[in-house]
Amino acid sequence: MVLGLPTGRTPVPLYAELARLYAAGDVDFSQASTFNLDEFVGLSADDPRSYRAFMERQLFGRVNLHPRRIHFLNGLAPDTAVECTRYERQIARAGGLDLLILGLGVNGHIGFNEPGATLVAHTHKTVLTRGTRRANAGLFGGRLRDVPGHAVSMGMATILRARRIVLLATGRNKATAVRRLVEERITTRVPASFLQLHPSVEVWVDQNAAAKLSDAAK
Ligand code: GLP
């Protein structure tokens with residue numbers, strides 16, 4: 001299986017459960033490949049604040065994924081355009097994403113596709129909003145000024161080409177974004193709303209994240 005994976009607090013229990021299943025002999029990653037959604041620009045893979053290092057701690061170092069099958073955007077690539085094209089090609093060569101797990105930004109972003117007047121189709125370099133940098137400050141000792149201003153991210157088409165998508169959202173601070181994604185019109189101001197166009201998407205929420213959904217949507 002070719003997996004697309006997110007970072008953030010939301011998938012931490014999922015990765016812990018996958019590690020537990022692996023330790024119990026109930027799941028085998030030896031044939032799986034992974035592509036992470038995004039990475040900060042300016043951080044090396046072994047920088048403990050990078051998404052790559054986060055994934056090593058949460059999942060890669062705890063299961064039998066083959067290092068050659070782990071794919072990541074390189075935040076230090078000298079030419080980001082070349083790096084983004086390389087990543088798209090790698091995903092295509094792997095046969096595309098079979099299952100993409102997504103988190104959800106408080107502002108409705110997915111990956112690092114931030115709300116705006118337009119969205120970008122393919123993997124690209126993006127400017128992070130202040131709110132998103134604040135949401136990520138935990139990785140940087142809470143210091144907003146240390147959070148990079150740019151990231152590289154799969155684009156909306158990269159995401160929507162995945163065969164199956166599972167979006168996870170937990171906590172009350174996601175309730176508005178969940179309602180917008182599920183119940184409101186598709187808009188570039190809520191990038192996750194484009195998931196309404198996908199034929200096979202599941203949105204998994206806890207009670208708090210579901211708090212603003214209408215009864216009909218539940
Ligand atoms: C980050 C990541 C997203 C992630 C989101 C939510 O900015 N780039 O891929 O889904 O924030 O993070 P959390 O799960 O910590 O709320």
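What do the buried residues of helix α6 pack against?

Mentor: The model is predicted, so local features need pLDDT of at least 70 and side-chain atom pairs count only at pLDDT 80 or more, while totals for chains, interfaces and linings use all residues. Residues are numbered from 1 along each chain as its sequence is written, and side-chain values use heavy atoms, leaving out hydrogens and water.

The buried residues of α6 pack against β8 and β9, where contact is heavy atoms within 4.5 Å. Helices (H or I, at least four residues) and strands (E, at least two) are DSSP runs numbered from the N terminus. Helix α6 spans residues 175–183, and its buried residues (under 20% relative accessible area, 1.4 Å probe, protein chains only) include Ala-175, Ala-177, Val-178 and Leu-181. These four lie on the same side of α6, because they cover an arc of only 160° around the axis, taken from the directions from the helix axis to the C-beta atoms.

Both strands belong to an open sheet of 6 strands, with parallel pairing and the order β4-β2-β1-β5-β8-β9. The edges are β4 (70–71) and β9 (201–205); each has a single partner strand, so one side of each has no neighbour in the sheet. Two strands pair if DSSP finds at least two bridges between them. Strand β8 (residues 164–169) runs parallel to β9 and is joined to it by 5 bridges; Leu-167, for one, has Val-203 in β9 as its bridge partner.

Thr-10 sits in the loop between β1 (2–5) and α1 (12–23) and is buried, with a relative accessible area of 16%. Not counting residues up to four places away in sequence, Thr-10 touches Leu-168, Ala-169, Thr-170 and Lys-174. Thr-10 and Lys-174 are also among the closest of the 14 residues that surround the ligand, together with Arg-9, Asp-38 and Asn-136; to be near, a residue needs a heavy atom within 4 Å.

Polar contacts are pairs of N or O atoms within 3.5 Å. A polar side-chain atom of Lys-174 is 2.6 Å from a ligand oxygen atom, a polar backbone atom of Arg-9 is 2.7 Å from an oxygen atom of the ligand, and an N or O atom in the side chain of Tyr-51 is 3.4 Å from a ligand nitrogen atom. Of the 390 Å² of accessible area that the ligand has on its own, the protein covers 93%, by the Shrake-Rupley method with a 1.4 Å probe.

Terms used:
Buried means under 20% relative accessible area, exposed over 50%, partly exposed in between (1.4 Å probe, protein chains only). A polar contact is a pair of N or O atoms within 3.5 Å; within protein, one must be able to donate a hydrogen and the other to accept it, and residues adjacent in sequence count only if both atoms are side-chain atoms.
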